[in-house]
Amino acid sequence: MGRKFFVGGNWKCNGTTAEVKKIVITLNEAEVPSEDVVEVVVSPPFVFLTLVKSLLRSDFHVAAQNCWVRKGGAFTGEVSAEMLVNLAIPWVIIGHSERRLILNESNEFVGDKVAYALSQGLKVVACVGETLEQRESGSTVAVVSAQTKAIADKVLSWENIVLAYEPVWAIGTGKVASPAQAQEVHFELRKWLHDNVGAEVAASTRIIYGGSVNGANCTELATQPDVDGFLVGGASLKPEFIDVIKSATVKKND
Ligand code: PEP
């Protein structure tokens, strides 16, 4: 299949220097499958990016949690893609639902951000996902398709994009999507890519699931054919993140 399992840890707006160092020590001491089997990327807050990068084992990588939509300049409080590149930060998360909903980032704005970050050489974890109301009204596929289209409309290549399906109702709630629910949406997203971008992009793009993933539920989710990994929030701050990384071996035995 050729889609390497991807496990991202989104630390969100959490941590002190001491706490961050403690998480890195746990990660550095962990025995996990090799880089051939799983790509691990952790995403500390901006202020800890260089510290984490300097301490983290070389087979794990770092991501920023956001970046500015265009070239830097007079945009108080923002961090530009160029700055991340300058610090050798390889990845950035864009379009997380907390930014879409709390900071009113529109589909088009997210698409512009993804395109600009890619143009500067960053790799992007691009997030999509429906709210509970949208799911209950039967519009899940329409919502995630529109979010994906807004990205597809702006980018020239999907080579450096990982698409994260993160149902809003599952984020930080402890209410994880069932393996069948995750697989259904991942299948639809891959079909959307196939029909609207191309067969090769659909076959090669990793679609990862996020929303209350933990050490106990990851293995069953990972068995789903269109689930290519995870974006983990709360559990990425805990030692059980190692178990999520290890769930990659489910694919190895395919
Ligand atoms: C996230 O914020 O990307 C996320 C998936 O959070 P949690 O795992 O805590 O639900």
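In the predicted model, L101, I102 and L103 together make a nonpolar surface patch of about 320 Å². Of these residues, L101 belongs to helix α4, which comprises residues 97-102. L101 is classed as partly exposed because its relative accessibility is 47%, a value between the 20% limit for buried residues and the 50% limit for exposed ones.

Helix α5 is formed by residues 107-119. Its 13 residues span 18 Å from the first C-alpha to the last, close to the 18 Å expected at 1.5 Å a residue. Several positions in α5 are buried, namely V110, G111, K113, V114, A115, Y116, A117 and L118. The cover over the buried residues of α5 includes the helices α3 (81-86), α4 and α7 (140-152). The strands β4 (91-94), β5 (123-128) and β6 (161-165) are also included in this cover. After α5 comes G121, which has a positive phi near 100°.

The cysteines were examined next. A disulfide is a covalent bond between the sulfur atoms of two cysteines. A search of the whole structure identified 0 disulfides. C13 takes part in no disulfide, and the cysteine sulfur nearest to it, belonging to C127, lies 16 Å away. C13 counts as exposed because its relative accessibility is 79%. C127 is likewise in no disulfide; for C127, the nearest cysteine sulfur is that of C67, at 12 Å. With a relative accessibility of 1%, C127 counts as buried.

Technical notes:
Residues are numbered from 1 along each chain as its sequence is written. This is a predicted model: local features need pLDDT of at least 70, side-chain atom pairs count only at pLDDT 80 or more; totals for chains, interfaces and linings use all residues. Side-chain values use heavy atoms; hydrogens and water are left out. Patches are made of residues with over 30% relative accessible area and no salt bridge: like charges are joined within 9 Å, nonpolar side chains (Val, Leu, Ile, Met, Phe, Trp, Tyr) within 5 Å. Accessible areas come from the Shrake-Rupley method with a 1.4 Å probe; for residues, only the protein chains shown count as cover. A salt bridge is a side-chain nitrogen of Lys or Arg within 4 Å of a carboxyl oxygen of Asp or Glu. Helices (H or I, at least four residues) and strands (E, at least two) are DSSP runs, numbered from the N terminus. Buried means under 20% relative accessible area, exposed over 50%, partly exposed in between (1.4 Å probe, protein chains only). The expected span of a helix is 1.5 Å times one less than its number of residues. Contact means heavy atoms within 4.5 Å. A disulfide is a pair of cysteine sulfur atoms within 2.5 Å.
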